[in-house]
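Me: I have a two-chain model on my screen and would like to learn how to read it. Can we go feature by feature?

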Amino acid sequence: MDNMTTEIVFHNKKRLYLFFSLLLVFLIAAGGINMTTGSMNISLSDFFNIIFKHFTETTQGFIVWKIRIPRALASILGGAYLAVAGLLLQVFFRNPIVGPFILGISSGATLMVSLVMLTALGLGMPGLNPFLVTLAAFIGAGGAMIIVVSIASKVKSGVTLLITGLMIGYLCHAVTSVIIAFAEAENVKGFTLWQLGSFSGFKGTELNIMIFAGGLLLILAFGLSKPLNAFLLGEEYASSMGVNIKLFRILILLCSCGLAGLVTSFAGPVAFIGLAVPHITRMIFSTSDNRILIPGSVLLGGTITCFCDLIARSLFAPVELPISAITSFFGAPIVIILLLKRNTSV
Amino acid sequence: MKNTRPVLDIQNLSVGYKKIPVLNSVNLCFQKGVFVSLLGPNGAGKTTLLKTLAGLLTPISGIVLVNGKNIADYKRTELAGIIAVVLTEKVSPGLFSVVEFVAQGRYPHTDFFGRMQKKDLSVVSSALKMVNATELANRQLSNLSDGERQKVYLARALAQEPEVIILDEPTMHLDLKHRMDVMSILRKMCMEKGITIIASLHDVDIASKISDCVALVKNGAVTGIGPPEKILSGNTVAELYDFDDANFNPALGSIEFCGNGRRGKVFVAAGMGTGAVLYRLLVKKGFQIATGVLHTNDLDYYVAESLGADCVAQTPMEPVSEDLFNMAAALVKQADYIIDAGFPVGGQNQLNTELIAYALAQGKPVFTLRKAEDTQRFLKSDSENLIACQNEIQLLDKMNSHL
């Protein structure tokens, strides 16, 4: 009897390892392809030479080290963070059709970034301090989130929540457009480019912030996976099993806003990754266990976003498409499918 | 019962939402291993009380002592090792197998990442076994029926290894079989594991048969508490739920519906259990019933009383007296129909056969469920005037067509 249960609980352990290794392989492949393809063809042997011998002097070396690697890394990290942010929000709202973009969190971040980039608030800074933009995006994301949460605590219906998020998105867009109308044309161009969303042009410091701040938040998120699982049963059950709900709510919001804000501040609003990736991960592993879903979403989010970035910049090269255009093509149908068969919940 | 320290002790408690009290000055005490049912109408505050007991709501005033210590002084994980809950809402956690779901109950006992040790696994499997759900272990939670789900919820609570399980209407939405299953599982948890069960229930009849103690909740207060045998009289239950046309009978442990009696008066000559089903049928079809002469230890007597029938009764073991016969005869005279339920005739109710003869003499329509040879034996030539029926359904048909 005991043996049987042991088997039941861990029956998918082999499958688990298999899927994780497969996802890892895909991620490395996506990253590799992203780093080696582009307007300048760099053969695989040249690429490895550049990597392992640290050539930075040649043009090829410069392109690999200063452009392609940061870009590939940024898209992988960005995708991973957005996916985890989306997963956390889906558990938090116990609603499968929420994500940072849908809930107006990206719009909130956009609004705050527009304030920094387009008004006197940010003009005192020489260049644009990446910390400032990040901070603004985080505050914007957090602000929008707090509004959504305070409304969500009053209404239970998922659809209401969704519409609330959309409305907050519209409001933020409205304010942003007013700010744009008054802004100087030169600044607007930079902001518009940012708003289209792209993983290009990541510099060393920005990448470092992404890696360390995001990494910390990821670790925090993974540390929350036990209470996240309990939270799936509902707030009252979670509380009755020993979850400190107040602290948990704060941590989960901090984590998801931080991750979504971080990516949005550097890469602009990226649609649908946060919504669709957790779902695909859930389907692949056929579980709702967040101890598996968090690392799974990291790998899958990284892979998918990296591929989307590759498509965005190579489909109509040299014209680069906005990353959100590609992610929307991939994400929007998934949302429709989910709405049609609502039985796959969180 | 030994006077040990209660698991839960409520002192002068007021509970409610947003500082608006629903229940006031509640004093209750729950001993280890007892089964307590909360009874009362919808909206009386049972759920609020239960949630406060579970520490999910903060009391407006007063205190809840858990093993002698104020519930507010417990850490959440500590409390989770003592009290588990099963709530009314359907849980839809997504893609969880039954065993994974039940394993969630180990939350207060597992490490930071919720990893399951050998002990946890054996607790989970014995919890599943206790609720007879071992064969469900590999199924997806979302594919279970309501009844199976409820058992799995019980297993999850059990896996928490609590001293108290608090349940909010555990039998809601369940069919009769699963209702009985759930109740007997709860009873078993109580008896075998010494777990204190506190449940709000709607079935007074089930509650009275299964609980050690019932608490009645109405109009913002706990109006009574004690063993069901002492607390649940017909009147208290009728008052608790504001019954207009129903009665609870503690001896039968069931609720009987009184009819409006618009279709006329029927006198049923019954006894020794021959009347019980017939009374219910007639009341259901809208007849007002009178019956007699019954002995007060007769099942028919209990049912007739609960149904609000005019009943002429004799103390047990005594033969039917002349006075009582005359009272019954008066009822026969008022009745539109007379029915002979086919009661066995013995020394003590011999006179009841005379009632039938009397009814015939009055020219009343008399129906009988008795076999022809028996009627001849008791009523001789009069038996030809009886309208013989083979069963209750035929009886109703014949009553309908008689006019």
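Me: Which residues of helix 4 of chain B are buried?

Reply: This is a predicted model, so read every value as computed from it. Start with the general idea. An α-helix has 3.6 residues a turn, so residues three or four places apart point the same way. Now the case here. The buried residues of helix 4 of chain B are B:Asp120, B:Leu121, B:Val123, B:Val124, B:Ser125, B:Ala127 and B:Leu128.

Me: What does helix 4 of chain B give to the side that touches chain A?

Reply: The size of an interface is often given as the accessible area lost when the parts come together. Here we count residues instead. In this model 32 residues of chain B are in contact with 29 residues of chain A. On the chain B side, helix 2 (76-80), strand 6 (83-86), helix 3 (98-103) and helix 4 each give two or more residues. Helix 4 of chain B gives the most, with four. By class, that side has 20 nonpolar, nine polar and three charged residues.

Me: How do I read the sheet of chain B, and what is its strand order?

Reply: The open sheet has four strands in the order 2-1-4-5, with antiparallel pairing. Strand 2 (20-30) and strand 5 (69-70) each have a single partner, so one side of each lacks a neighbour in the sheet. Strand 5 pairs with strand 4 (residues 61-66) over two bridges. In that region, B:Val66 stands opposite B:Lys69 of strand 5. Helix 1 (residues 46-53) of chain B packs on the sheet and touches strands 1, 2 and 4. Its direction makes about 125° with that of strand 1.

Me: How many helices and strands does chain A have?

Reply: Chain A has 16 helices and zero strands. Of its 346 residues, 47% count as buried.

Me: At what angle do helix 3 and helix 4 of chain A cross?

Reply: Their axes come within 10 Å and cross at roughly 75°. Helix 3 and helix 4 of chain A are therefore roughly perpendicular. A:Asp46, A:Phe47 and A:Ile50 of helix 3 meet A:Gln60, A:Gly61 and A:Val64 of helix 4. These contact residues divide into three nonpolar, two polar and one charged.

Conventions:
Residues numbered from 1 in each chain as written. Chains lettered and ligands numbered in written order. Predicted model: local features only at pLDDT ≥ 70, side-chain atom pairs only at ≥ 80, totals over all residues. Buried ≥ 20, exposed ≤ 12 C-beta atoms within 10 Å, placed from the backbone. Axes fitted to C-alpha atoms, helices over the stretch in contact; angles between N-to-C directions. Parallel < 35°, antiparallel > 145°, perpendicular 65-115°, else oblique. Contact = placed C-beta atoms within 7 Å. Nonpolar A, V, L, I, M, F, W, Y, C, P; charged D, E, K, R; others polar. Pairing = 2+ DSSP bridges.
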